[in-house]
Amino acid sequence: MALEGRHVPAREPLAEHHHAVSALEVRHLTAGYPGMPPAIEDVSLRVPVGEIVGLIGPNGAGKSTLFKSILGLMSPTSGEVLAFGRPVREARADIAYMPQVEEVDWAFPVSVLDVVLMGRYHGPRPFLGWSKGDREASMVALERVRLAPYASRQVGQLSGGQRRRVLMARAIARGARLLLLDEPFAGLDAAVQHDLLAILDDLASEGRSIFLATHDLSCVANSCDEACCLNKRVIAAGLPSEVLTESILTATFERHLLAIPQAAEVVRFADDEHAHEHSHRGTR
Amino acid sequence: MIDWLLEPYQYEFMRRALFVLAVTSVVMGVVGGFVVHKGLAFSGDALAHASLAGVAVAFVSGASVGFGALVAAVLTALGIGWTRDRARVSADTAIGIVFVAMFSIGILILSRRQSYTPDLMSFVFGNILGVSNGDVIGSAVLAVVLLLFVGACYRELLLVAYDPAMASTTGVPSKVFQYATLVMVAVAVVVALKAIGIVLVNAMLLIPVSTAALFLRRLPSIMIAGALIAFGCAAAGLHLSYYAGVATSPAIVLVACAAFLVVLAVTSRRGVLPSTAMAIEGVAE
């Protein structure tokens, strides 16, 4: 399958270096809100260095709880989370988080550059503000998502796709080796989604590891190295071609999706498209 | 014209009033920036009203009224944060519960006294012309401490105001700074208490900054412009009250409301808003 050969040239050497340690390792994590049954139970998963892992599951499957627990925004009842072999608390500089676009206050009076700079926070610098290095790294990140000309716009003036690119630039500016993206494609049209995926591809080929939650099965089939199906527990994890099967998806979404009879078709079609895209990219 | 402008300031109490209003305006601009854009308008009003409990206790016990107000407002700020975190009610409901409790304590204590003294009324409705040297120093010290804090922790305050979850993931102690933001509002209310009064202080937190936000797009410029607008309105209101013989603090608030409406009318015309912002903040197309 075309999927397997994708990032290999750029990624393999880096991946070998970190062979023993995963970018993210979740071990037997159980978490939820107090007084309620746990939203996730005994979840274990791994994000290998330099790979894109897609997390899929229905609404209420515990995707947000899993993200919040990984990030330390919520304390798990049991289990542990390691980033590059260390507790997340000690690995903050190595982790960048991109929230769902609805969770950000777009009316707030900050410029695009202001928002990207926030990704550069690494501790107090009383009275000093952002350093020159912070500004440069932020501009580089903005160039990467092709928003540099918009640096001084107020964020509310941006379109939906641009808003996601700003949040992605903020995650990139952090210079983190692990990116956690919560629904980065929700509500985007195919072209914008394609742009974002191309950026993620680039990041992965630099050896960065990406864990993203999405509703978009075809995106996972197309662009993720591994897929993880969550519905309170991990239903299945592995290569998208192995995981996105009728029986697993039915178990994950607890219903026989209309799309499922074509699922195999979707995957195959996506691969064809990807193979085409790959050769096109090779010529660039 | 010059005489008309300067005449009031031959009196020391007018000079003192202007100085306190200047200090208050800076604080209103800076803290108002967070209040307006973080949606804390109700908190500002609640903290002002809650400070009555401290004012009342100080009155009865003979302690410093400013200090009493400060303690009550800060305790209320912490109580609002705590209730918001614990109770399964909306933030607004939590604020409503905490502040009416404090306000009621204030009224209850004062109801034991025979009559409301004029000095007490000066905290409720503001009495800028009655500020003492002690009030001036108290306000100035609080203002300096507050501005130093904002200067030292601006990035943290901004991150937490904008995106608290993301701020936590970068290592900013979000909870601490959410509480700190409320405490800042409490301190700002106390700085303005004697000048503006419990009932109207929230107006000065909201209106000048909202006026600035009509034509500016970044928080630091909104804070600076908000402070300047607040001071302009305060000075105009002070003159108005001097010449028309009316109460100062409603005069200031009404001037601020008028300024907001004028700026709103001007910036509502298409094109004015972006071009003004671009000119002032050097924003590129």
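Predicted model: local features only at pLDDT ≥ 70, side-chain atom pairs only at ≥ 80, totals over all residues.
Reader: Which strands of chain A are the edge strands of the open sheet?
Author: The sheet is open and has six strands, in the order S6-S7-S8-S3-S9-S10 (chain A), with mixed pairing. A strand at the edge pairs on one side only. In chain A that description applies to S6 (95-98) and S10 (233-238).

Reader: Over how many bridges do S9 and S10 of chain A pair?
Author: Strand S9 of chain A covers residues 226-231. Asn231(A) stands opposite Arg233(A), which lies in S10(A). The pairing of S9(A) with S10(A) is antiparallel, and the number of bridges is five.

Reader: At what angle does helix H6 of chain A run to S8(A)?
Author: Helix H6 of chain A, residues 190-205, packs on the sheet. The strands that H6 touches are S3, S7 and S8 of chain A. The direction of H6 and that of S8(A) make an angle of about 150 degrees.

Reader: How many residues of chain A that touch chain B are nonpolar?
Author: The contact takes 22 residues from chain A and 22 residues from chain B. On the side of chain A, S6 and helix H3 (112-118) each supply at least two residues. By class, that side has five polar and four charged residues, and the nonpolar residues number 13.

Reader: How many residues of helix H3 of chain B are buried?
Author: Helix H3 of chain B spans residues 41-61 and reaches 31 Å from its first C-alpha to its last, close to the expected 30 Å. Just after H3(B), Gly62(B) takes a positive phi of about 80 degrees. H3(B) is mostly covered: of its 21 residues, the number buried is 16.

Reader: Why does the radius of gyration of chain B agree with that of a compact globule?
Author: The C-alpha trace of chain B spans about 65 × 55 × 30 Å along its principal axes. Of the 285 residues in this chain, 52% count as buried. The radius of gyration agrees because a compact globule with 285 residues would have a value near 19 Å, and that of chain B is 19 Å.

Notes
Residues numbered from 1 in each chain as written. Chains lettered and ligands numbered in written order. Pairing = 2+ DSSP bridges. Helix = DSSP H or I, 4+ residues; strand = E, 2+ residues; numbered from the N terminus. Contact = placed C-beta atoms within 7 Å. Axes fitted to C-alpha atoms, helices over the stretch in contact; angles between N-to-C directions. Expected span 1.5 Å × (residues − 1). Buried ≥ 20, exposed ≤ 12 C-beta atoms within 10 Å, placed from the backbone. Nonpolar A, V, L, I, M, F, W, Y, C, P; charged D, E, K, R; others polar. Rg over C-alpha atoms; globule rule 2.2 N^0.38 Å.
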